[in-house]
Amino acid sequence: MTDTNRCSAAHAEDPTPCAGPHDAVTILDGQGNAAAGCEHHGARTLASIDGARVEPGSVVGAATRAAAAADTIRPFCWYENAPRTEPSQLSLAENRARNA
């Protein structure tokens with residue numbers, strides 16, 4: 001059963017609530033699957049799916065903000081006790097800083 005109080009981009013294990021309209025952005029994975037999401041979950045999902053991209057939804061500027069936020073969010077950030085030592089476990093910004 002789908003939780004109608006959360007957007008489609010919210011991961012089932014992510015405990016955070018939606019922020020804003022549930023169709024603020026659209027997240028596409030590498031296979032062309034799409035999920036509409038709030039800006040908050042759009043950013044978190046974008047950070048967690050390798051090769052994903054964000055497209056505009058119902059909120060002007062939300063896709064740009066979600067992409068900027070995703071740059072600093074670690075993949076699957078709701079796993080707070082997960083090891084964070086490999087590049088695939090760090091945010092894009094952390095990896096850039098490591099390689100600078």
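Good morning. A residue is called buried when its relative accessible area is under 20%, exposed when that area is over 50%, and partly exposed in between. By that rule, Glu94 is partly exposed, because its relative accessibility is 26%. Please keep in mind that the structure before you is a predicted model.

Which residues have the most contacts inside the largest nonpolar core? They are Val25, Ile27, Leu46 and Val54, and the core as a whole has 13 residues. At least two of its residues come from each of three elements: strand S1, spanning 25–28, helix H1, spanning 39–48, and helix H2, spanning 62–70. Helix H2 gives the largest share of this core, namely 4 residues.

Let us look at Val54 in particular. Leaving aside residues up to four places away in sequence, Val54 touches Val25, Thr26, Ile27, Leu46, Ala63 and Ala67. There is also a second, separate core, made of 5 residues, among them Cys7, Ala10, Ala35 and Cys38.

I now turn to charged side chains. How many salt bridges does the structure hold? There are 5, and I shall describe three of these pairs.

Is Asp71 buried or exposed? It is buried, because its relative accessible area is 18% and the limit for buried is under 20%. Arg96, by contrast, has a relative accessible area of 48% and is therefore partly exposed. Besides Arg96, the residues that Asp71 touches include Ser91, Leu92 and Ala93, again not counting residues up to four places away in sequence.

Another salt bridge returns us to Glu94, which meets Arg74 at 2.7 Å, N to O. Since Glu94 is in helix H3 and Arg74 is in the loop between H2 and H3, this pair ties together parts that are 20 residues apart in sequence. Arg74 is partly exposed, at 31% relative accessibility.

The remaining pair I wish to show joins Arg53 to Glu55, with 3.3 Å between the closest N and O atoms. Arg53 counts as partly exposed at 47% relative accessibility, and Glu55 is partly exposed at 32%.

Thank you for your attention.

Conventions
Residues numbered from 1 in each chain as written. Predicted model: local features only at pLDDT ≥ 70, side-chain atom pairs only at ≥ 80, totals over all residues. Heavy atoms only, no water. Core = buried A, V, L, I, M, F, W, Y, C linked by side-chain atoms within 4.5 Å. Buried < 20%, exposed > 50% of the residue type's maximum accessible area, 1.4 Å probe, protein only. Contact = heavy atoms within 4.5 Å. Salt bridge = Lys/Arg side-chain N within 4 Å of Asp/Glu carboxyl O.
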